[in-house]
Amino acid sequence: MAEVATRGLHVERLVKRFAVAGARGSWLHAVDDVSLHVAPGESLGLVGESGCGKSTLVRLLARLLDPDDGRIGFDGDDLAQ
């Protein structure tokens, strides 16, 4: 993967899946290939239907959940490691 940029929040191809209970081999794709950049001083709003993955994305960014794939960078540090 490319080097993490030095300023702001950089999210590259973030993925989070959850196993579906009772459905062997089935996965819920809660966050699927999300990329974004928020520069210092900028703000970001997340809008979407109920159940589309907004809360899961925020939990990934806050590191309350571990991503299955992708990169989260903040001011040059790779937070997803």
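Which residues is leucine 14 in contact with, leaving aside its neighbours within four places in sequence? In this predicted model, the list reads Val31, Asp32, Asp33, Val34, Leu57, Leu60, Leu61, Pro67, Asp69, Gly70, Arg71 and Ile72.

- Four strands form an open sheet, and their order is β2-β1-β3-β4.
- The pairing in this sheet is antiparallel.
- β2 and β4 (77-78) are the edge strands; each has a single partner strand, so one side of each has no neighbour in the sheet.
- Helix α1 packs on the sheet, where it touches β1, β2 and β3 (69-74).
- The direction of α1 makes about 120 degrees with that of β1.
- Nine bridges join β1 and β2 in the antiparallel sense.
- One of the residues to look for here is valine 15, whose bridge partner in β2 is aspartate 32.

**Lysine 16 and its partner**
- Lysine 16 sits in strand β1, which covers residues 9-19.
- This lysine counts as buried because its relative accessibility is 11%, and the cut-off for buried is under 20%.
- Beyond its neighbours within four places in sequence, lysine 16 contacts Leu28, His29, Ala30, Val31, Thr56, Leu60, Asp66 and Asp68.
- With one of these, aspartate 68, lysine 16 forms a side-chain salt bridge at 3.8 Å, N to O.
- Aspartate 68 counts as partly exposed, at 41% relative accessibility, whereas lysine 16 is buried.

**Other salt bridges**
- Side chains of opposite charge can pair when their charged atoms come close.
- The count of salt bridges in this model comes to four.
- Among them is the pair of arginine 63 and aspartate 66, whose closest N and O atoms are 3.1 Å apart.
- Arginine 63 is partly exposed, at 27% relative accessibility.
- Another salt bridge joins the side chains of aspartate 78 and arginine 71 at 3.7 Å, N to O.
- Aspartate 78 is partly exposed, with a relative accessible area of 25%, while arginine 71 counts as buried at 14%.

Notes
Residues numbered from 1 in each chain as written. Predicted model: local features only at pLDDT ≥ 70, side-chain atom pairs only at ≥ 80, totals over all residues. Heavy atoms only, no water. Helix = DSSP H or I, 4+ residues; strand = E, 2+ residues; numbered from the N terminus. Buried < 20%, exposed > 50% of the residue type's maximum accessible area, 1.4 Å probe, protein only. Contact = heavy atoms within 4.5 Å. Pairing = 2+ DSSP bridges. Axes fitted to C-alpha atoms, helices over the stretch in contact; angles between N-to-C directions.
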